[in-house]
Amino acid sequence: MIWTNLRRHRVRTGIGAAGIALGVATMLSVVGLLGGAVKMFERILRTDAEMVVFEKNASDLFFSNVPVSLADELEKTPFVKEARPVLFAIVSAPDRPIVTCFGIESGDGRLRKGQWLRGNPKNFKDDARAVVLGERAADFVDIGPDGEVELGHERYPVAGVVRLENGFENGGVFMPLAACQEAFHKSGACSVVTVALAKGHDSKEVKSWMASRHPQLTALENEEFSRSYSQFQILKTTAWVVGGCAFLLGGLSVTNTMILSVFGRIKELAIARVCGFSRAQIAGMIFGESLLVSAIGTMVGWGLSGLGLQLLKAIPQMQGYIEPRIGWMEIAGAMALAAITALAGAMYPAWYAAKLNPAQALRFE
Amino acid sequence: MKSHVSIKDVWKSFDAGRIQVLKGVGLEVPAGDVVALCGTSGCGKSTLLNVISGLEEVDRGEVFLSGRDVVNESTRVDLLRHHIGYVFQFHHLMPDLTLAENCMVPVIAAGGSRAAALERLNELAEATGVAHRLKQRVRELSGGERQRGALVRSLMNDPELLLCDEPTGALDESNRERVFEILVDLVRRRGRTLIMATHDLELAKRCDRTIKMRDGRMEGEIL
């Protein structure tokens, strides 16, 4: 009966489902894009490491101050295989107000993993000023005829251009750590220290060592960091709120569809009552129709978001920046929101239909 | 369960008591009777049928169907599902559904077996002459076919009591005669009770009893 009713009013059903589909597509796209961005940022921290050390209570890693000497201290302990300091900074370039800058040591693994398009890793030295550009950064930062680039108020020689999988890194500039500290007046400091554990050792050992020696710093496993880092939480929450709002707007179309559906067939509903439908059956039918419209919309929206994200990913300029991640959690969230929207949207129409007096409704012209 | 309609001193008004439609109506209908309610428009025939089926609540008085008080919602729903069939002046079928789909609505409401219902549908459609039209959409049927379809729908759950409100009122003469004959024949052959509101005295006289209503009251039986 529910399916038959929807089939009979295809345009109305289609409009209702389209509203939900757009809501679902928007929500999944926003959540997927931001989720992907978070994952990419996480990967910047995770290169060959299981843990990250940063300043306790720092609202953003850009404001975290960790002494570089900590990396040496950690490497002397038996439970750490390797500790690498990284300094995050933002620098401007001509016609480009924001360029992400990574201050790293020459032995840092991330440059070795890239595909070198110009120069080679040997040109990137700890005691020099030569920088390495990500492939995308090389597109928008002008390399002068002298082989130098202008970053902030300084000019730096370019040691090479490297293609990196991660969009943030590919659009950034890698500076030797010392040069980066000097440029940003952070002598002896870095933003984070990434920690690779020695074989057979546990992260708890690092945590307890850190708590006793450096109580102003915190050491977290990568997963733990992702869960607790406030910027990620803000991004994820924003994604769900923006997506949810889009979704609720779509949900209004379901309410509208269901109201029209009830008002447009008052006599039919009255006849159903005369044929023995109870008030609960009538209400159940309206809720069922709404849920079905919503389910159709969710499936279409899921498809649309997947298609849209794949198209975005295929755009050359976006490559590396978009790594959509629509996991089961996101899909379950969208389905739950769709169901709630459907039920909420059908509440008034269902109540109206259920309380209908069939005798009066049949007199209604 | 054999239907027996018992109505005692029923009063019903609309518009907060300003329009008094039934004024102390009483009626006893034994099971198996074919009863016609006659009277001019507005005399209360349709309201009385609605009161019997529980579609309208009474202001005062008692309505019993086979000893069951038609007062609460669950009784009303049960009666409409299993014990009462209703045919209106206008067929009130859903135009964009097929006739068969329309006839299955009471079966869906009652949660009956589909296979048994289809068997019954074919039997009733055969008896009413619409078997060849079951797969047609209602909008493609003639007026007489639609009304016969409505009759099939009302009988799908094999009710003991059939209430008909001007069932032939919107039909031309030949269809009126045919629908009435099918209706009475089906009811008599199955030993069911029929209460039919009609303007048509000729048809009314062919029923077992003809009761005249006037201004919300029973005026008496026409013998």
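Colleague: In what order do the 4 strands of the open sheet with antiparallel pairing stand in chain B?
Modeller: This is a predicted model, in which local features need pLDDT of at least 70 and side-chain atom pairs count only at pLDDT 80 or more, while totals for chains, interfaces and linings use all residues. Residues are numbered from 1 along each chain as its sequence is written, and chains are lettered from A and ligands numbered from 1 in the order in which they are written. Strands (E, at least two residues) and helices (H or I, at least four) are DSSP runs numbered from the N terminus, and two strands pair if DSSP finds at least two bridges between them. On that basis, the strands of this open sheet in chain B, whose pairing is antiparallel, have the order 2-1-4-5.

Colleague: Which residue is the bridge partner of Leu65(B) in strand 5 of chain B?
Modeller: Strand 5 (68–69) of chain B is one of the edge strands of this sheet, the other being strand 2 (19–29), and each pairs on one side only. Strand 5 of chain B is joined by 2 bridges to strand 4 (residues 60–65) of chain B, and the two run antiparallel. Within strand 5 of chain B, the residue bridged to Leu65(B) is Arg68(B).

Colleague: Which are the edge strands of the open sheet of 6 strands in chain B?
Modeller: This open sheet in chain B has mixed pairing and the order 6-7-8-3-9-10. Its neighbouring strands are turned by 20 degrees against each other on average, direction ignored. The strands that pair on one side only are, in chain B, strand 6 (84–87) and strand 10 (217–221).

Colleague: What is the bridge partner of Arg214(B) in strand 10 of chain B?
Modeller: Strand 9 (residues 209–214) of chain B runs antiparallel to strand 10 of chain B, and 4 bridges join the two. In strand 10 of chain B, the partner bridged to Arg214(B) is Arg217(B).

Colleague: At what angle do helix 6 and helix 7 of chain B pack?
Modeller: Helix 7 (residues 173–190) of chain B has its axis 10 Å from that of helix 6 (residues 143–155) of chain B, where axes are lines fitted to C-alpha atoms, for helices over the stretch in contact, and angles run from 0 to 180 degrees between N-to-C directions. The pair is therefore roughly parallel, a term for angles under 35 degrees. The packing angle of these two helices of chain B is about 15 degrees.

Colleague: Which strands of chain B does helix 7 of chain B lie across?
Modeller: On the side of helix 6 of chain B, helix 7 of chain B meets residues including Gln147(B) and Leu151(B) through residues including Val179(B) and Ile182(B), with contact taken as C-beta atoms, placed from the backbone, within 7 Å. Helix 7 of chain B also runs at about 140 degrees to strand 3 of chain B. The strands of chain B that helix 7 of chain B lies across are strand 3 (34–38), strand 7 (161–165) and strand 8 (193–198).

Colleague: Which helix gives the largest share of the side of chain B that touches chain A?
Modeller: In the contact between the chains, 19 residues of chain B meet 17 residues of chain A. The elements of chain B that give two or more residues to this side are helix 2 (73–83) and helix 4 (105–110). The largest share is 5 residues, and these come from chain B's helix 4.

Colleague: What distance separates the centres of domain 1 and domain 2 of chain A?
Modeller: Chain A is divided into domain 1 (2–40 + 232–363) and domain 2 (57–215), with bounds from an automatic or database domain assignment. Taken over C-alpha atoms, the centres of these domains of chain A are separated by 46 Å.

Conventions: Angles under 35 degrees count as roughly parallel, over 145 as roughly antiparallel, 65 to 115 as roughly perpendicular and the rest as oblique. Two residues are in contact if their C-beta atoms, placed from the backbone, lie within 7 Å.
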